[in-house]
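Please look over the structure below before reading on.

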Amino acid sequence: RCLACHTPAPTFPGILQPGAGVLLHTPDGLTRNAERIYQQVVATRIMPLGNATAMTDQERAVIATWVRNGTHER
């Protein structure tokens, strides 16, 4: 749901560069941005913008569990 915009070459129509410069196409990018992902996707539900990629509540719950359980830590 994130890679359409948060990759070096976004594929989402009209998006020419990753939003806020956040790149999520590598494990390191995900790890470094885990808390930010949680805030944007779970806490405020701002991302994906307008839910353009139709992220489900279950997908949001998976992200919440991933961050809360420290799965993102190395």
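Where does Asn33 lie? Asn33 is in the loop between helix H1 (27–32) and H2. The model is predicted, and the points below are grouped by topic.

- Asn33 has a relative accessibility of 12%, so it counts as buried, the cut-off being under 20%.
- Apart from its neighbours within four places in sequence, Asn33 is in contact with Val22, Leu23 and Leu24.

**The buried side of H2**
- Ala34, Ile37, Tyr38, Val41 and Val42 are the buried residues of H2.
- These residues lie on the same side of H2, because they cover an arc of only 100° around the axis.
- The buried residues of H2 pack against H1 and H3.

**H2 against H3**
- Two packed helices are described by the angle between their axes and the distance between the axes.
- For helix H2 (residues 34–43) and helix H3 (residues 57–68), the packing angle is about 150° and the axes are 10 Å apart.
- H2 is therefore roughly antiparallel to H3, since the angle is over 145 degrees.
- The crossing of H2 past H3 is left-handed.
- On H2, the contact is made by Ala34, Glu35, Ile37, Tyr38, Val41 and Val42; on H3, Arg60, Ile63, Ala64, Trp66, Val67 and Arg68 take part.
- Of the residues in this contact between H2 and H3, 9 are nonpolar, 3 are charged and none is polar.

Conventions
Residues are numbered from 1 along each chain as its sequence is written. This is a predicted model: local features need pLDDT of at least 70, side-chain atom pairs count only at pLDDT 80 or more; totals for chains, interfaces and linings use all residues. Side-chain values use heavy atoms; hydrogens and water are left out. Axes are lines fitted to C-alpha atoms, for helices over the stretch in contact, and angles run from 0 to 180 degrees between N-to-C directions. Helices (H or I, at least four residues) and strands (E, at least two) are DSSP runs, numbered from the N terminus. Angles under 35 degrees count as roughly parallel, over 145 as roughly antiparallel, 65 to 115 as roughly perpendicular and the rest as oblique. A crossing is left-handed if the near helix is turned anticlockwise from the far one by less than a right angle, and right-handed if clockwise. Contact means heavy atoms within 4.5 Å. Ala, Val, Leu, Ile, Met, Phe, Trp, Tyr, Cys and Pro count as nonpolar, Asp, Glu, Lys and Arg as charged, and the others, Gly among them, as polar. Buried means under 20% relative accessible area, exposed over 50%, partly exposed in between (1.4 Å probe, protein chains only). The arc is that of the directions from the helix axis to the C-beta atoms.
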